[in-house]
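Student: I have a structure open on my screen and would like to walk through it with you. Shall we begin?

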Amino acid sequence: MRITLSAVLLLISFNSVAKDCVVLLHGLARSAGAMETMQQALDDAGYHTVNVDYPSREHAIEVLAPMVIPPALAQCSAKQSRVIHFVTHSMGGILLRQYLQDNVIANLGRVVMMGPPNQGSQVVDNLKDVPGFEAYNGPAGMQLGTGAQDIPKQLGPVSFELGVIAGTSSINLMLSTFLPNPDDGKVSVENTKVQGMCALVTVEVSHPFLMKRQQVIDQVLHFLRSGSFFGDNAQQFTCPAQLKPKLS
């Protein structure tokens, strides 16, 4: 059978259109550079990627979310991606939850949050009044405590397909004294959880390195493909998002 040039071009075009997009959102006081290792792994796995750089210490979370996420979605749309996934580190996950409180991403796929303070962090509770804390962490950092007035406690259950990766190793023993064990030095495992999540896995990695370690990258790729994690430390839950009809 003879394959024409037009057929080859059509196949190439189809493969390009079929690629899912993954938006990467870094955490507080970091940059897109922190997510480059993860981005490369996702690129190698065949995804389009949008690695967002945003001024995490300059604005409140309510300002950052609508500032950061729509341009990322536009970049995915420009790549003609049918499905848009998110991979977030720390506060990046809270930005996504904040955005979805008031907005709908029609083609939202799966979300993996690494070390998210979904119930806030006792580190902020204990240090927010220390001189220099606000100056370094900015308005958003001040909003990540565990109080009823803090952003994490004001956000409702998630309605999207979410997998959470929580660290259990700490390189900051002083900060860990503020946290219930196990923790990653910034967030306890318990406080990464949120109602409606589909899966949780714990890894022996500290908060600053979650997005760089191969074992975490492997879990991210597995969840994006299957909606589950793997291994003895993985837990699967019945979540509403996985009961919804899939995009055709």
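**A walk through the model**

Tutor: Happy to! Ala 29 has a relative accessible area of 29%, so it is partly exposed. Please keep in mind that this is a predicted model.

Student: Where is Ala 29 found, and what is its phi?
Tutor: Look in the loop between E1 and helix H2 (36-44), where Ala 29 is found. Ala 29 is a residue other than glycine, yet its phi is positive. The value is near 65°.

Student: Is Ser 90 buried or exposed?
Tutor: Start with its place, the loop between strand E3 (84-89) and helix H4 (91-102). Ser 90 is not a glycine, although its phi is positive at about 55°. Its relative accessible area is 11%, and the cut-off for burial is under 20%, so Ser 90 is buried.

Student: How many disulfides does a search of the whole structure find?
Tutor: Another joins Cys 198 to Cys 239, at 2.0 Å. With the bonded cysteines numbered in sequence order, the pairing is 1-2, 3-4. The search of the whole structure finds two disulfides.

Student: Is the disulfide of Cys 21 and Cys 76 left-handed or right-handed?
Tutor: Cys 21 is buried at a relative accessible area of 0%, and Cys 76 is buried at 0% as well. For the handedness, turn to the torsion about the S-S bond. That torsion is about -65°, so the disulfide is left-handed.

Student: And the disulfide of Cys 198 and Cys 239, is it left-handed or right-handed?
Tutor: Cys 198 is buried, with a relative accessible area of 0%, and Cys 239 is buried at 2%. The torsion about the S-S bond of Cys 198 and Cys 239 is about 90°, so this disulfide is right-handed.

Student: Which element gives the largest share of the lining of the second largest pocket?
Tutor: This pocket holds about 460 Å³ of space and is lined by 22 residues, with Leu 28, Ser 90, Asn 137, Lys 186 and His 207 nearest its centre. Helix H5 (122-127) and helix H6 (133-141) are the elements that give two or more residues to the lining. The largest share, four residues, comes from H6.

Student: How many residues of that lining are nonpolar?
Tutor: Let's set the other classes aside: eight residues of the lining of the second largest pocket are polar and two are charged. The nonpolar residues number twelve.

Student: What is the arrangement of the rings of Phe 223 and Phe 229?
Tutor: This is the one aromatic pair in the structure. Phe 223 is buried at a relative accessible area of 0%, and Phe 229 is buried at 8%. The ring centres are 5.1 Å apart and the planes are at 35°, so the pair is tilted.

Student: Which residue has its charged end over the ring of Tyr 136?
Tutor: Find the centre of the Tyr 136 ring, then look 4.7 Å from it. The charged end sitting there belongs to Arg 57.

Student: Which residue is joined to Pro 182 by a cis peptide bond?
Tutor: Pro 182 is in the loop between helix H8 (173-176) and H9. The cis bond has an omega of about -5°, and the residue it joins to Pro 182 is Asn 181.

Conventions
Residues are numbered from 1 along each chain as its sequence is written. This is a predicted model: local features need pLDDT of at least 70, side-chain atom pairs count only at pLDDT 80 or more; totals for chains, interfaces and linings use all residues. Side-chain values use heavy atoms; hydrogens and water are left out. A disulfide is a pair of cysteine sulfur atoms within 2.5 Å. Buried means under 20% relative accessible area, exposed over 50%, partly exposed in between (1.4 Å probe, protein chains only). On a 1 Å grid over the protein atoms alone, a cavity is a set of points where a 1.4 Å probe fits but cannot get out, and a pocket is an open set with protein on both sides within 12 Å along at least five of seven lines; lining residues have an atom within 4 Å of a point. Grid points are joined across faces, edges and corners, and a volume is the space filled by probe spheres set on the points. Ala, Val, Leu, Ile, Met, Phe, Trp, Tyr, Cys and Pro count as nonpolar, Asp, Glu, Lys and Arg as charged, and the others, Gly among them, as polar. Rings of Phe, Tyr and Trp (its six-membered ring) pair if their centres lie within 6.5 Å; planes under 30 degrees apart count as stacked, over 60 as edge-to-face and the rest as tilted. A charge sits over a ring if NZ of Lys or CZ of Arg is within 6 Å of the ring centre and within 35 degrees of the ring normal.
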